[in-house]
Amino acid sequence: MAVTFGCSLPSRGPMASPEALRTLAQRAEDLAFDSVWVSDHIVVPRRIESFYPYSADGVPTFNPEQPYYEPLSVLNFLAGCTQRLRLGTHVLILPYRNPVLTAKVLATLDVLSGGRVILGAGVGWMEEEFQALGLNSYAQRGAVTDEYIRLFKELWTKEEPEFQGKYYQLSGAGFYPKPVQKPHPPIWIGGHTGPAIRRAAELGDGWMPIGLRPPAILEPEELAGKIARLRTLTRRAGRPEDAVAPCFSTDVAFERTPGPTRRLMSGRPEQIAADLRQYQDVGVRNFILNFRADSISGLQECMEQFSRQVMPLIPQ
């Protein structure tokens, strides 16, 4: 299986704008990246006490005064700006949304883009956002997510979909168009916890944890153990061991003179390439990269440097 490289786009914060998203997506396509990814929050409460799982102190860094674009709207926009790039959510919080409407939007996007959608799916972590959306399902968000994924597959693949779940029931409804991709767009499960790995093994086509952000470090040896667990659970679910493709999402920082305590995925191009090869060795074939820069031009420079100086050092 060939190695793929995707890059995260700034769909939130001070760099988020239609011009930036279009420019960066088109540049990613020119530079032979395989995919682009956008994240998901619908509202940002001014007071957040929920633990943020991707910072050492658990404190989120979101600013409620800055834009946060809705991801499926962004990907529809980018579908019209690009020709080849895969278009992914990293990750779409499934319990936030009506599942039939979400399945319809994703199917439509897959048709309009010519079959380029990847559904990165997650359960969410911010209880305050559930409350702001009028939802009382925070405690059940894992079970709701599992059910919604099963409902998506029913809607996307069956001529006469029928679904009788705990959280949603459907019968006697037509659902067209079906997605271009068969049997359905790939579903990559986000998260690094035990329940996320189990969900990927049972329901996913890929597993896409974020690593190298304390406390979720996931250095190669740790990730290798989790991939082994994933494969065991995939077999137990009655699926082929390799049915779920491991992905790794990480920040990347180019540094001309890295210090003595260089962290993984930082430093000179050859050092970053060596780090990527370590993850290849434990089974990762898909990478999603968040380049660390404070301007659109800086992001473009990082993308160009990665394409020209790192990609050629990665065996396919």
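What follows is a chat about strands, a helix and some aromatic rings.

Mentor: Before you start: this is a predicted model, where local features need pLDDT of at least 70, side-chain atom pairs count only at pLDDT 80 or more, and totals for chains, interfaces and linings use all residues. Residues are numbered from 1 along each chain as its sequence is written, and side-chain values use heavy atoms, with hydrogens and water left out.

Trainee: Which residue of strand 2 is the bridge partner of C7?
Mentor: Helices (H or I, at least four residues) and strands (E, at least two) are DSSP runs, numbered from the N terminus. Two strands pair if DSSP finds at least two bridges between them, and strands 1 and 2 have three, in the parallel sense. The partner of C7 in strand 2 is V36.

Trainee: What handedness does the crossover from strand 1 to strand 2 have?
Mentor: The test is to point the strands away from you: if the path from the first strand over the helix to the second runs clockwise, the crossover is right-handed. Here the chain goes from strand 1 through helix 1 to strand 2, and this β-α-β crossover is right-handed.

Trainee: And in strand 3, which residue is the bridge partner of S35?
Mentor: Strand 2 runs parallel to strand 3 (residues 86-89), joined by four bridges. With helix 2 (residues 71-79), these two strands make a right-handed β-α-β unit. In strand 3, S35 has as its partner R86.

Trainee: Which residues of strand 2 point the other way from S35 and W37?
Mentor: In a regular strand the side chains alternate between the two faces of the sheet. In strand 2 (residues 35-38), all are buried, meaning under 20% relative accessible area, with exposed over 50% and partly exposed in between (1.4 Å probe, protein chains only). S35 and W37 go one way, and the other way go V36 and V38.

Trainee: How many residues of strand 10 are buried?
Mentor: Both faces are covered: A245, C247, S249, D251 and A253 are buried on one side, and P246, F248, T250, V252 and F254 on the other. Strand 10 is largely enclosed by the rest of the structure, because the buried count is ten of the ten residues.

Trainee: In strand 12, which residue is the bridge partner of D251?
Mentor: Strand 10 has several parallel neighbours to sort through. Strand 9 (residues 206-208) pairs with it over two bridges, and W207 stands opposite P246. Strand 12 pairs with strand 10 over six bridges, and there the partner of D251 is N290.

Trainee: How far does helix 9 reach from its first C-alpha to its last?
Mentor: Helix 9 (residues 296-310) has 15 residues.

Trainee: What kind of aromatic pair do Y96 and F130 make?
Mentor: Rings of Phe, Tyr and Trp (its six-membered ring) pair if their centres lie within 6.5 Å; planes under 30 degrees apart count as stacked, over 60 as edge-to-face and the rest as tilted. The structure holds 15 such pairs. The centres of Y96 and F130 are 5.0 Å apart and their planes are at 70°, so the pair is edge-to-face.

Trainee: Is Y69 buried, partly exposed or exposed?
Mentor: Y69 is found in the loop between strand 2 and helix 2. Its C-alpha is 9.2 Å from that of G13, which is 56 residues away along the chain. With a relative accessible area of 24%, Y69 is partly exposed.

Methods
Expected span 1.5 Å × (residues − 1).
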